[in-house]
Amino acid sequence: MAKVVSIEEAIAKVHDGMTVMVGGFLGCGNPHKIIDALIEKGVKDLTLICNDTSFPDNGIGKMVVAKQFKKIIVSHIGTNPETGRQMNTGETEVVLVPQGTLAEQVRAGGSGLGGFLTPTGVGTEVEAGKQKIEIDGKTYLLELPLRADVALIAGSKVDKKGNIYYNGATRNFNALMAPAADLVIVEAEELVEVGEIHPNDVMTPGIFVDCIVGGEK
Amino acid sequence: MDKESIKDFIAKRVAKELKDGDVVNLGIGLPTLVANYIPKGLDITLQSENGFVGLGPAPEPGKEQKDVVNAGGQPVSIHAGGAFFDSSVSFGIIRGGHVNATILGALQVDEKGNLANWKIPGKMVPGMGGAMDLVVGAKKVIVAMEHTAKGSPKILKQCNLPLTAAGEVNLIITEMGVIEVTGQGLLLKEINPEFSIEEVQKATEAALIISEDLKQMEV
């Protein structure tokens, strides 16, 4: 099955109202070309799962400015005043989640786990509505997995089977989101032939990836 | 002291808390300055929660790499011997007790070791980012901050802002002194000789226990 497609073909599968995971951390490792194409397409009422909402003029932050989300699930919005504005006016629902909990929710969603126990958030407003479980005298919160309709991720080097190598700090949430969505679209910074990434260096196996876009030199 | 020298003074004193071999996470702002004062000869590994250990200083202008940034999105470097990983591993390191010390700022901290630093309802809601995990997971939690906010105490009997974590703070270091959170309350262990005990207490809402072995704060 040919996975390499045009950005237009790939994002034709992203529809209004879907839940989308987007890899990256303050723009580093965001799939920038896919984001620009989704802004042009004008898809709306999406639910976003991402580490943060970046900056107003960078990466996923631009889709916040374009008002394409009805709900945003992230750990941090402080670098994008537009997210805070939409939250305060009630235009967009914003759910703030501790970063480690968010990462593990996505990991759990991609690895068939029904949830996990974390001490993070005990005694804070994060525990509201969550089941508390005591193990060996220590209190934990039961946190549930997260999955999405689509994951939009970025790879530094991607081969035509979808095997991904991430450079530097770009692995962040990208590697966790690839297994956690029904449809996975990776934006390649560099697209290479199968075999050009040594199996030792593959950080996301291609079996998780449905569509590969970008990679033009 | 002006504002900048207060920050440097606090950062210098915090740096003395670090031990050879420690893995340390520095929060954004004042805590970042601690990296400038790590005593020579100590092998300290800095962790960056966006996904690596071996965090180094900002590169020279023109030598930035777009894929190597810190948790504030700023260009940084990585030392030889460092390692990159995904966010799940990063927070496994944090919650799993593999970080010896986390140093972060506070809006409020109280005599029970409660910390508030992520939200002022109705005013400022940046989100907790990695702070809730860091404070729960790190072996030692050091709050590094100016003693008061425009003259109002930040060290309280009880925090009234939403908590980042309950009962996790171990040490508070300000320009006025070094305060340990104990089961009995807040123990003033060191005092900046520029201030009297009365002045420090006046700037602190919670009652201070004065150490029998009260030392001068040196940096």
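Predicted model: local features only at pLDDT ≥ 70, side-chain atom pairs only at ≥ 80, totals over all residues.

Colleague: What does the secondary structure of chain A come to?

Modeller: Chain A has six helices and eleven strands. Its radius of gyration is 17 Å, close to the 17 Å from the globule rule for 217 residues, so chain A is as compact as a globular protein of that length.

Colleague: And what box do the C-alpha atoms fill?

Modeller: Along the principal axes, the box is roughly 50 × 40 × 25 Å. Of the 217 residues in chain A, 53% count as buried. Among contacts with a separation of 6 or more, 72% come from residues 24 or more positions apart.

Colleague: Turning to the strands, how do β6 and β7 of chain A run, parallel or antiparallel?

Modeller: They run antiparallel, with four bridges joining β6 (residues 132-135) to β7 (residues 138-143). Within this pair, E134(A) is opposite T139(A).

Colleague: How many residues lie between them in the hairpin?

Modeller: There are two, and D136(A) in the turn has a positive phi of about 50°.

Colleague: Where is K67(A) found?

Modeller: K67(A) sits in the loop between α3 (60-65) and β3 (69-74) of chain A. Although not a glycine, K67(A) has a positive phi of about 55°. K67(A) is partly exposed, having 13 other C-beta atoms within 10 Å.

Colleague: And K150(B), buried or exposed?

Modeller: K150(B) is exposed, with 5 other C-beta atoms within 10 Å. K150(B) belongs to the loop between β9 (148-149) and β10 (152-153) of chain B, and its phi is positive, near 50°.

How values were computed. Residues numbered from 1 in each chain as written. Chains lettered and ligands numbered in written order. Rg over C-alpha atoms; globule rule 2.2 N^0.38 Å. Buried ≥ 20, exposed ≤ 12 C-beta atoms within 10 Å, placed from the backbone. Contact = placed C-beta atoms within 7 Å. Pairing = 2+ DSSP bridges.
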